[in-house]
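User: I'm new to this one and would like a close look at a single part. Could you start with one loop and then show me what else is worth a glance?

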Amino acid sequence: AAAFADDRCLMNVSQPAPANAYQVNDVLWAGQPEKPYPPAAYRPLHGVGYVLCTCETGACIRKCCAPNAAYVNSTCTPLNVSDHVVEFKVPKIVNANGTVDIYETDLFHIVYGKLTCRKKYKLAPSDDKKDNFRVNDKGFLLSESGKIIAAPDRFCLEQFSELNYQILAVVCSPEQLAVQQDGTNVFYTIGMMLSLPFLLITFLVYALIRDLRNLHGKSLMCHVATLLVAYSSLVVVQFITDSVVKTWCIFLAYIVQFSFLASFFWLNVMCFDLWWTFSGFRPLRGNIREHEAKKFIIYSIYAWGCTS
């Protein structure tokens, strides 16, 4: 038991062992009739007695919210009798049609409380059939094909009001991936935040100084403005990743996609304009101002049109 003595029980759930419990060769014997508990299933209490790890001696399922509560607008909210919500029961299978089958009430020990992992995602079969899931009698979360998605301590189940209180699974993202992403995301976020004021200053300088608002200056302003919007959106995404709702996520994705595409096309415009200027090609008819105005209209149609 030494290897587990300082560890918390799985899901941090335990119960006192019977007073007559005793240990033989790292195996704890307790109960009437006596039952053996392997080292992973119990913990010593500072040399006085033992506790049994509930989720090692039986199957546990975590309910994300407290009893008689459910997710309402992504927040655990107490339920009223008037809500007419069906009692929470552990589902066997959940697909786009909802809960297909349920387990007997006393098969699992229900643990209440949100997951402590930082990165989480929700399985929503009504949005994507790939999110169909099953829960086996050991408390593991499985895909429809039977592949293990998460261990009992890495997910929780809860009813969601926006889906007529259908039970969905909230799953911890893989820790290794989350750790790697955390360091990388911080680096990227800091870099983008440092870029924002300089992009804004560049845009303002060209906007306020009339002599700089020639064809190249206007093209550069468009390029800088699109980068400013793209980087700002990405910074926002980094800060609201864990709480953003689907609608805003899709909206921000379109903004980022459009802004970056536009910035690339405006960069292409500036490169072409430099080539045109030094190539010796004959300019369009009219004076210089009219000539630049016509070219800027053509460039705008190309850059914004191709982006759209």
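## A proline in a loop

Analyst: Let's start with Pro 33, which sits in the loop joining β3 (27–30) to β4 (35–37) (strands are DSSP runs of E, at least two residues; helices are runs of H or I, at least four; both are numbered from the N terminus). What you're looking at is a predicted model, where local features need pLDDT of at least 70 and side-chain atom pairs 80 or more, while totals for chains, interfaces and linings use all residues. Residues are numbered from 1 along each chain as its sequence is written, and side-chain values use heavy atoms, leaving out hydrogens and water.

So what's going on at this proline? The peptide bond leading from Gln 32 into Pro 33 is cis, and its omega is near -5 degrees. Most peptide bonds are trans, and most residues other than glycine have a negative phi.

Ser 74, in the loop between β8 (69–72) and β9 (75–78), isn't a glycine, yet its phi is positive at about 65 degrees. Asn 164 isn't a glycine either, and its phi is also positive, at about 60 degrees. You'll find Asn 164 in the loop between β17 and β18 (166–172). With 67% relative accessibility, Asn 164 counts as exposed (exposed is over 50%, buried under 20%, partly exposed in between, with a 1.4 Å probe and protein chains only).

Arg 154 is partly exposed, at 21% relative accessible area. Its side chain reaches the backbone oxygen of Ser 173 at 3.0 Å (a polar contact pairs N or O atoms within 3.5 Å, a donor with an acceptor; sequence neighbours count only through side-chain atoms on both sides). If you want a sense of scale, the C-alpha atoms of Arg 154 and Phe 251 are 30 Å apart, with 97 residues of chain separating them.

Zoom in on where α3 begins: a side-chain oxygen of Asn 214 comes to within 3.3 Å of the backbone nitrogen of His 216. From there α3 runs for 26 residues, and its first and last C-alpha atoms are 38 Å apart, close to the 38 Å expected (1.5 Å times one less than the number of residues).
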